[in-house]
Amino acid sequence: CFMSVEGFDKNIWVEFTQLISDYKVVNLGQGFPDFGPPSFMQEAYCNAICGGASMHQYTRAFGYPRLVKIIAKFFGRIMGREIDPMEEVLITVGAYHALFCTFQALVDEGDEVIIVEPFFDCYEPMVMMAGGTPVYIPLKPKEVTGSALSSADWLLCPEEVASKFNPRTKAIVINTPNNPLGKVFQRDELQMIADLCIKHDVLCISDEVYEWLTYDGEHHIKIASLPGMWERTVTIGSAGKSFCATGWKVGWAMCSGHILKHLKTFHQNSVYHCPTAPQEAVAVGFQREYDVFGTEESYFRQLPAQLHAKRLKLAKSLRSVGLQPILPQGGYFMTTDISSLSEYTKDEPYDYRFVKWLIKEKGLAAIPVSGFYSPEHRADFQNYIRFCFVKEDSTLEAAEDILRQWN
Ligand code: PMP
Ligand code: GLN
């Protein structure tokens with residue numbers, strides 16, 4: 001009997017990456033850069049690979065020592081606290097694995113976990129596979145007239161958030177900057193969530209894989225840095241997203257040792273070791289970023305500047321064909337309303353049908369946004385699709401050509 005995984009087999013990435021690979025498309029679908037990491041990272045990786053026998057053997061299972069030390073030092077400086085590299089940082093196989101260890105470790109049968117919608121899709125099955133029940137709280141667009149749409153217009157209703165907390169609530173999951181909308185949570189929004197977590201003794205799982213990618217003067221704030229939150233927050237990050245090296249699959253979870261020790265149990269009984277050489281390369285990258293932090297030389301400053309231009313380029317293309325993109329404050333993605341465009345087939349949510357048609361008939365790949373909603377709210381959000389703009393300018397131009405030849 002396979003009851004424990006029944007119903008979890010359907011997955012938007014499995015479905016759409018297969019479809020995308022079956023057709024010749026301009027791919028603005030799955031979120032990854034179609035360019036490489038910066039040259040200092042490529043060099044660091046090559047040096048690691050050529051760096052002697054130890055780079056090709058197991059390393060410390062909970063994280064390569066040089067990497068956990070620099071991550072603790074790097075984020076310790078940002079957060080203004082001492083972080084213990086051995087007890088408070090865990091290296092994982094991408095942020096995905098950090099999320100998996102977190103949900104497995106912290107969620108028990110009967111626990112409720114509040115998830116802010118739209119959400120990175122894996123939160124839902126991961127909570128349920130740990131025996132928990134997801135409870136959804138949607139970001140809702142406020143009425144805007146006259147100005148361009150922005151992810152900043154999507155808000156939580158504080159009373160509605162408060163109403164979701166009860167004695168069964170174990171944790172709340174937030175993702176800032178958010179995938180797919182690109183919302184960057186503001187200090188007052190994070191404080192509202194933090195106050196509820198403290199009041200109800202609830203944990204916070206904060207997925208911050210796009211932490212460096214904020215635009216137009218927006219600033220990423222770590223909820224773990226708010227008073228009283230370090231002790232109850234698991235912060236998750238990704239070297240793949242930080243350094244444009246998604247294939248390296250290096251991620252981390254960072255939190256107080258009394259929580260992290262439980263994540264370690266799932267880590268040691270799942271993958272145990274993560275690959276050594278990419279961890280060495282990421283450690284070199286973080287050391288460099290530590291040294292140049294806040295200067296023009298910092299990649300964490302250069303990358304968002306580069307993506308800012310790409311984001312405007314894609315927004316312009318979409319507007320030129322009459323679409324109304326939601327300008328993201330952060331992250332990799334731009335969501336746009338497609339309700340003005342015609343329908344294709346009838347047996348699935350509109351955005352799923354639309355993206356399949358877009359891939360097959362137009363040769364352009366995107367991702368349907370209703371896949372980032374719970375079953376109960378999916379129908380309300382099937383008029384949006386998501387484009388990734390972390391692509392070469394030539395790719396974005398090829399997408400624009402397709403859009404312009406629309407009719
Ligand atoms: N969280 C979010 C919000 C994501 O978009 C992704 C995809 N990068 C992940 C986690 C997983 O990251 P990784 O590739 O490091 O496993
Ligand atoms: N986070 C990326 C996205 O949202 C990649 C998803 C994945 O690897 N499954 O497109």
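In what order do the strands of the open sheet of four strands stand?

## Sheet

The order of this open sheet is S11-S12-S15-S14, with antiparallel pairing; two strands pair if DSSP finds at least two bridges between them. Strands (E, at least two residues) and helices (H or I, at least four) are DSSP runs, numbered from the N terminus. S11 and strand S14 (367-368) form the edges, each pairing on one side only.

S12 and strand S15 (residues 384-388) run antiparallel and are joined by five bridges. Thr335 has Arg386 in S15 as its bridge partner.

## Basis of the model

This is a predicted model, in which local features need pLDDT of at least 70 and side-chain atom pairs count only at pLDDT 80 or more, while totals for chains, interfaces and linings use all residues. Residues are numbered from 1 along each chain as its sequence is written, and chains are lettered from A and ligands numbered from 1 in the order in which they are written.

## Domains and their contact

An automatic or database assignment sets the domain bounds: domain 1 covers 3-37 + 298-404 and domain 2 covers 39-292. Their C-alpha centres are 23 Å apart. The contact (C-beta atoms, placed from the backbone, within 7 Å) takes 36 residues from domain 1 and 39 residues from domain 2.

On the side of domain 1 that touches domain 2, helix H11 (299-320), strand S11 (324-326) and strand S12 (333-337) each supply at least two residues. H11 gives the most, with seven residues.

## Ligand 2

Trp13, Gln30, Gly31 and Asn179 surround ligand 2, the criterion being a C-beta atom, placed from the backbone, within 6 Å.

Methods: Two residues are in contact if their C-beta atoms, placed from the backbone, lie within 7 Å.
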